[in-house]
Structures are given as structure tokens and as C-alpha cells.
Amino acid sequence: MEGAGIHVKDLNAWFGPKQALFNIAMEIPAKKATAIIGPSGCGKSTFVRCLNRMHETLPDTRVEGKVSIGELDVYGKGVSPVWIRRRVGMVFQRPNPFPTMSIYDNVAAGLKLNGFRNRRELDVVVERSLRHAALWDEVKDDLKKKSGASLSGGQQQRLCVARGIAVKPEVLLLDEPASALDPISTAKIEDLIFELKKEQYTIVIVTHNMQQAARVAEFTGFFLLGKMIEFDKTEKVFTNPSDKRTEDYVTGRFG
Amino acid sequence: MRTRFHQGLDDLKQKLLAMGGMAEQAVERAVQAFQTRDVSVCEIVLRDESKINAAERDVDEMSIDLLAMQQPMAVDLRFIVSCIKINADLERVGDQAVNIAERVMDLATHPDPGLNIDIPRMAQLSISMVRDALNAFLSADVDLAQSVLERDDLVDNMNREIFEAVNVAMRNTVGTHRNLLDILVVARNLERVADHATNIAEDVIFWVRGADVRHHAQR
């Protein structure tokens with residue numbers, strides 16, 4: 001598995017008649033964490049949902065433009081959304097483990113769906129994924145005894161990360177992964193992002209928390225009203241942004 | 001809008017400017033004492049140093065509170081970092097004033113060595129640099145800050161001239177070396193005042209433009 005860069009060009013997205021994204025162009029570097037920040041309703045979640053074709057799963061939505069992950073044309077003819085989502089894992093704001101499944105089966109679910117049946121290999125992948133998600137030590141004795149829903153919120157979120165990386169995606173999309181978590185669980189998720197970068201994942205994280213973006217991401221994009229206003233190295237965006245609108249947002253002078 | 005935060009930034013600026021006024025006044029008084037050999041003015045400079053030190057602690061505390069409680073970004077972050085650095089420079093300016101005042105108290109007990117040097121002009125230049133650096137800070141005026149940087153070499157040159165004059169005088173005279181050393185220390189402290197003014201001007205440019213112009217980097 002090698003993290004791939006994401007190339008976005010002329011990306012537009014709609015909810016019914018309402019346009020949510022306007023001509024987004026961005027080069028998301030491989031094997032780095034990129035944060036997407038912006039006020040509520042700016043289109044940042046819609047943007048990441050366009051990267052793995054999740055946007056089109058909602059009724060009456062539409063996407064135009066180009067998204068490539070490495071050499072793969074995400075919106076190319078004949079490209080299966082299911083195949084895209086294998087290459088692009090996603091973790092949502094609210095942890096959403098499969099409630100009736102054991103911890104083990106939660107992690108193994110994606111692999112099983114893809115026809116992976118070898119029990120011993122599944123064990124290896126489950127353990128490796130839980131270790132990468134920094135959850136193994138906390139759950140190793142209850143893998144098959146406890147359900148995913150029995151874990152704490154922070155553990156559930158790390159379980160979702162483990163589930164997401166079990167299928168060895170190249171890209172991991174994190175949509176406000178820590179906004180429902182306490183500070184300790186948040187710190188664990190942030191540590192996890194650093195570990196995943198070492199594992200060569202390309203990470204895109206949507207966050208409301210600018211300090212979190214500053215802590216974990218090498219690059220940051222600022223969105224406003226469906227447009228990408230600025231995209232640069234994180235330290236530049238947070239210490240000396242080029243655009244007045246970015247500055248107004250990061251300094252809280254916005255609105 | 002983060003009204004309380006921005007009020008906090010305004011308060012920090014006012015506090016730092018008030019401290020700047022005290023530091024500038026201390027140097028002015030020390031120089032006035034040098035010209036008149038008035039020991040009573042020196043005592044005022046020594047007495048008031050504690051006010052500058054107290055202000056330094058207040059500014060540090062306000063800055064740290066804002067950093068910890070408000071997690072500032074971009075221009076606000078640069079502003080607070082600049083304030084912390086300017087604060088340290090202003091406290092040092094106060095120290096230089098005390099050093100000058102102490103030398104003047106010593107000078108007052110000995111005859112004038114009659115050197116042909118222009119300490120008042122050097123002092124005027126150094127003080128004007130502090131004043132302009134503070135005005136640049138007040139009004140976020142990069143051009144004014146830039147003009148401060150350009151004057152630093154003048155003060156450095158004057159300091160070197162005084163050094164040479166004292167050196168020559170020491171070779172040619174006996175018995176007045178203590179006074180000559182006092183004058184050398186006064187000049188050295190005025191040169192340091194100008195250096196602190198330069199640092200403050202650089203911090204103003206960093207705050208306003210986000211550019212690091214220290215050590216003659218791209219100005």
C-alpha cells in the first residue's frame with residue numbers, strides 16, 4: 001500500500017438546484033495530512049465526500065469535474081464507486097461501528113465483503129489494523145466477546161479507523177473525527193494520524209478545530225461559501241495567510 | 001466576532017505602550033542628568049525602574065493568558081509574539097537608562113575630562129529611534145519601523161567614534177581614566193538603546209507583514 005496524491009480540478013457539486021462547490025482545484029500531496037477548514041456550510045464535508053464518491057449517495061445530488069487518486073480517475077467511465085471506496089477509507093464525525101457485530105467482525109467486515117475468507121490471514125489483518133489504530137491493547141481480550149457499540153466513544157472512533165484501514169486504502173478521509181470526543185480521545189486520534197502518516201497513508205481531515213489542523217496537518221485548505229480560498233502549508237495559513245478572508249477566519253474576525 | 005479576545009489584544013497594546021513611555025522617559029531623564037550632572041534626576045531613574053519591571057511582568061502575564069486562553073492565529077499570534085519580544089526590549093531599555101544614571105552619579109563626583117564628543121546628539125538619535133519604534137507599534141506603521149532600522153548604523157558609528165576619542169584621551173592623559181570609562185559606558189548603553197529600538201522596529205514589521213527582517217535579512 002502506498003499513499004497516493006489527489007488531483008482535483010474544476011470540481012463542482014450540487015444538492016438539487018443549490019450549488020455547494022465551485023470550481024475547486026487542489027493538489028493534495030501523497031503521504032501527508034491535509035486539513036480542510038472553514039465555517040459551517042462552506043462545503044468542506046461535501047468536498048471530501050466528492051473524493052470517494054460519497055456525495056452521489058445522497059438523493060438529488062450531482063458532481064462535475066475531475067478527481068484523480070494517483071492514476072485512478074475517480075469519476076471516470078466504468079469506475080465503480082465501491083472500488084473507489086476500497087482505495088479511499090472514510091471516518092465520520094460520529095463513530096458508527098456496526099452495533100451488533102463484535103469488535104473483530106467490525107474490523108473484518110470490509111475484508112469479508114471483498115471475499116476475504118482465510119481465517120488466519122483475517123486474524124493478522126484485524127490485529128494489525130487495531131494496532132495501527134492504537135486500540136489493540138485495550139480490546140485484545142474482548143475481540144469476539146464485546147460488540148463495537150460497547151466501547152467508549154473514543155474507542156469506537158478508533159475502531160472505525162481500524163475498520164477503515166483494514167482494507168488497506170491509499171487515502172483516508174476523516175470528517176471531523178474528533179469533534180464528538182473528549183480531549184484524551186482526541187489526542188489519541190491525533191497521535192493516530194501521525195502514525196498513519198508514517199504508514200504512508202494520504203490523509204485528508206475536515207475539522208472545525210483550527211488548533212487540531214495546525215497540530216496534525218502539513219497542508220491546509222480554507223473553504224468559504226463553496227470556494228477554496230487558500231491552500232498552503234499549514235504554518236503559512238495559521239501564521240501569515242495570503243488572503244484577507246483566511247486571516248479573518250483564523251483570527252475569529254469572521255462574520 | 002471574538003470581542004473579548006480583541007479587547008484583550010487592545011489592552012495588551014495599551015499596557016505595552018505605557019511601558020514604552022516609561023522606558024523612553026527613563027532614557028531621556030538619564031541623558032538630561034548626564035548633561036546637567038544632576039544626581040537627583042539619576043535617583044528618579046533608579047527609583048522608577050521598578051515600575052518598568054512591574055509592567056514587564058504584567059505584559060508577560062497578559063500575553064501568556066491570551067496565548068493559553070484564546071489560541072490566537074495569524075496576525076493575532078504574530079502580534080502577541082511581537083509584544084512578548086518588545087516587552088523584553090523595553091525592559092532592557094529601562095536597564096540601560098539605569099546604567100547611564102549610575103555612570104552619571106559617578107561622573108558627578110569627578111572633574112569633566114573635556115572630551116570633544118557629542119553624547120547628547122547620540123542620545124537624541126537613540127531616543128528618537130525608541131520613540132519612532134513605539135509610534136510604529138502604535139499605528140502598525142511599517143515604513144516608520146523601516147526608517148528606525150536605517151538609523152541604527154548611525155548610532156553604531158557614533159559609538160565607534162566615541163570609543164576612539166576615549167582611547168586617544170586615555171593615551172594622552174593621566175588621572176581621568178575613571179571619567180573616560182564612565183563616558184564610554186554611557187555611549188555603549190546609548191548604542192544598546194538604539195539596538196533595542198531596532199529590535200522593536202523589526203518586531204513591528206514581523207507583526208504587520210509577517211516578514212522576518214532580523215539580522216539584515218530582506219528588509
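Trainee: Which hand does the crossing of α6(A) and α7(A) have?
Mentor: This is a predicted model. In it, the two axes cross at roughly 20°. The crossing of α6(A) and α7(A) is right-handed.

Trainee: Are α6(A) and α7(A) roughly parallel or roughly antiparallel?
Mentor: Helix α6 of chain A spans residues 153-166, and helix α7 of chain A spans residues 183-198. Their axes come within 9 Å and cross at roughly 20°. Angles under 35 degrees count as roughly parallel. Therefore α6(A) and α7(A) are, relative to each other, roughly parallel.

Trainee: What radius of gyration does chain A have?
Mentor: The C-alpha atoms of chain A fill a box of roughly 55 × 45 × 30 Å along the principal axes. Chain A has 255 residues, so a compact globule would come out near 18 Å. Chain A agrees with that, at 18 Å.

Trainee: What share of the residues in chain A is buried?
Mentor: Start with the contacts. In chain A, of those with a separation of 6 or more, 69% join residues 24 or more positions apart. As for burial, the share among the 255 residues of chain A is 47%.

Trainee: Which pattern does chain B follow along the sequence?
Mentor: Chain B has zero strands. It has six helices. Read along the sequence, the pattern is α-α-α-α-α-α.

Trainee: What is the radius of gyration of chain B?
Mentor: Its C-alpha atoms fill a box of roughly 70 × 40 × 20 Å, again along the principal axes. With 219 residues, a compact globule would have a value near 17 Å. Chain B agrees with this, and its radius of gyration is 19 Å.

Trainee: What percentage of the residues of chain B count as buried?
Mentor: Contacts in chain B reach along the sequence. Of those between residues at least 6 apart, 82% join residues at least 24 apart. Burial is a separate count over the 219 residues, and it gives 42%.

Trainee: Are α4(B) and α5(B) roughly parallel or roughly antiparallel?
Mentor: Helix α4 of chain B covers residues 119-139, and helix α5 of chain B covers residues 142-172. Their axes come within 9 Å and cross at roughly 160°. The cut-off is an angle over 145. Therefore α4(B) and α5(B) are roughly antiparallel.

Trainee: How many residues in the contact of α4(B) with α5(B) are nonpolar?
Mentor: The crossing of these helices is left-handed. Among the residues making the contact are Met122(B), Leu125(B) and Met129(B) of α4(B), and Leu144(B), Val148(B) and Leu154(B) of α5(B). Three residues of the contact are polar and two are charged. The nonpolar residues number 11.

Trainee: Is Glu191(B) buried or exposed?
Mentor: Glu191(B) lies in helix α6 of chain B, residues 177-209. Beyond its neighbours within four places in sequence, Glu191(B) is in contact with Val155(B), Asp156(B) and Asn159(B). A residue needs 20 or more other C-beta atoms within 10 Å to pass the cut-off. Glu191(B) has 21, so Glu191(B) is buried.

Trainee: How far apart are the C-alpha atoms of Ile183(B) and Leu115(B)?
Mentor: Ile183(B) also lies in helix α6 of chain B, and counts as buried with 23 C-beta neighbours inside 10 Å. Setting aside residues up to four places away in sequence, Ile183(B) touches Leu115(B), Ile119(B) and Val166(B). Ile183(B) and Leu115(B) are 68 residues apart along the chain, yet their C-alpha atoms are separated by 9.4 Å.

Trainee: Which helix gives the most to the side of chain B that touches chain A?
Mentor: Across the two chains, 11 residues of chain B are in contact with 12 residues of chain A. The chain B side divides into six nonpolar, two polar and three charged residues. With five residues, the helix that gives the most spans residues 74-107 of chain B, namely α3.

Key: Residues numbered from 1 in each chain as written. Chains lettered and ligands numbered in written order. Predicted model: local features only at pLDDT ≥ 70, side-chain atom pairs only at ≥ 80, totals over all residues. Helix = DSSP H or I, 4+ residues; strand = E, 2+ residues; numbered from the N terminus. Rg over C-alpha atoms; globule rule 2.2 N^0.38 Å. Buried ≥ 20, exposed ≤ 12 C-beta atoms within 10 Å, placed from the backbone. Contact = placed C-beta atoms within 7 Å. Axes fitted to C-alpha atoms, helices over the stretch in contact; angles between N-to-C directions. Parallel < 35°, antiparallel > 145°, perpendicular 65-115°, else oblique. Left-handed = near helix turned anticlockwise from the far one by under 90°. Nonpolar A, V, L, I, M, F, W, Y, C, P; charged D, E, K, R; others polar.
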